[in-house]
Amino acid sequence: MSSAVPAPGAPEGRPSVPVPVPPGGHPLRVDPARLATGAVGPAAGVPAGQLPVVDETSAGGLVVDPHRSGPRAAVILRRNRAGRLEMCLPKGHLEGRETPAEAAVREIHEETGIIGSVRTTLGVIDYWFSGDDRRVHKVVHHFLLRAEGGTITAAGDPDGEAEDARWVPLVDLPELLAYPNEQRLAATALQVIGRTPDLVE
C-alpha cells in the first residue's frame, strides 16, 4: 500500500496525498470521498473527481535461467521520476490483439534481450495513479518464464526506458527490486520453483 506523505513543496496545513508511482510500484488506493473534495489530483483548477479515468493493461514478469550456480532472473535498471536508478521487472503495454502472456514474452525480450517461454502465472498488480489530465487504473499481469535463448542487453528496448539489463540470482531478487509488490512476486517465484523446479530446468 502507498502511504500518505506531504506533497513536495506543499504549504503548511495542506493535506497529505498519496504519491503516485511508476508502473510496477505498489498500489495507490484513492478514497473516492477525497476525490470528490478535490484533495487528490495534480491538475490545477480541475477537481480530481472530474479527471477522466483510463484503464491500462501491461504484462511482464520473471524470466529465469537455471544457471549452474542457481536460478537467476533477468531484470532491468531504469530511472524513476526522481532520477534514481531502480531495479525492476521487465514489463510493458499490450499491443494490438496480444494476450497478456504474449505481451510478457515480447516485452521481456525487448527490454532484456532474453527469449522466454511462459511456464505459469505469478500474479496481478492492480493500482491507480494520477497524471495531469487523467487518473489511470493500471493492471499488470506477471508470469514466470523459462529462458530459452538470447543475450542479456537493454539495447533492444524501443522506448529506451531500460538503461541496463542484467542477471541477478533469484534468491537475492526480493531484496533488490525497487517496489514491494515486485519483491513479493519474486518471493512467490522462489516458492513456486522450490516446489516445482522442473518449471525452469
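E107 is buried in this predicted model, with a relative accessibility of 6%.

**Around E107**
- The side chain of E107 makes a polar contact with the side chain of R106, at 3.0 Å.
- Leaving aside residues up to four places away in sequence, E107 touches A59, K91, G92 and H93.
- R106 counts as buried as well, because its relative accessibility is 16%, under the 20% limit.

**E95 and R106**
- E95 forms a salt bridge with R106, and their closest N and O atoms are 3.4 Å apart.
- E95 sits in the loop between β6 and α2 while R106 belongs to helix α2, so this pair ties together parts that are eleven residues apart in sequence.
- E95 is partly exposed, with a relative accessible area of 45%.

**K91 and E182**
- One of the residues that E107 touches, K91, has a salt bridge to the side chain of E182, at 2.9 Å from N to O.
- This pair links distant parts of the chain: K91 is in strand β6 (residues 91-93) and E182 is in helix α4 (residues 180-195), 91 residues apart.
- Are these two residues buried or exposed? K91 counts as buried at 7% relative accessibility, and E182 is buried with a relative accessible area of 0%.

**Other salt bridges**
- The structure holds eleven salt bridges.
- One of them joins the side chains of D65 and R72, at 2.8 Å from N to O.
- D65 is buried, with a relative accessible area of 18%, whereas R72 counts as partly exposed at 23%.
- As a general point, side chains of opposite charge can pair when their charged atoms come close.

**The β7 and β8 hairpin**
- Strands β7 (residues 114-130) and β8 (residues 135-150) run antiparallel and are joined by 15 bridges.
- Four residues lie between β7 and β8 in this hairpin.
- Within the pairing, T121 stands opposite F143 in β8.

**How confident is the prediction?**
- The protein chain has a mean pLDDT of 82, and 76% of its residues reach 70 or more.
- Over residues 1-44 the pLDDT is below 50, and this stretch has 84 contacts in the model beyond near neighbours in sequence.

Methods:
Residues numbered from 1 in each chain as written. Predicted model: local features only at pLDDT ≥ 70, side-chain atom pairs only at ≥ 80, totals over all residues. Heavy atoms only, no water. pLDDT = per-residue confidence, 0-100. Contact = heavy atoms within 4.5 Å. Buried < 20%, exposed > 50% of the residue type's maximum accessible area, 1.4 Å probe, protein only. Polar contact = N/O pair within 3.5 Å; in protein donor to acceptor, adjacent residues only side chain to side chain. Pairing = 2+ DSSP bridges. Helix = DSSP H or I, 4+ residues; strand = E, 2+ residues; numbered from the N terminus. Salt bridge = Lys/Arg side-chain N within 4 Å of Asp/Glu carboxyl O.
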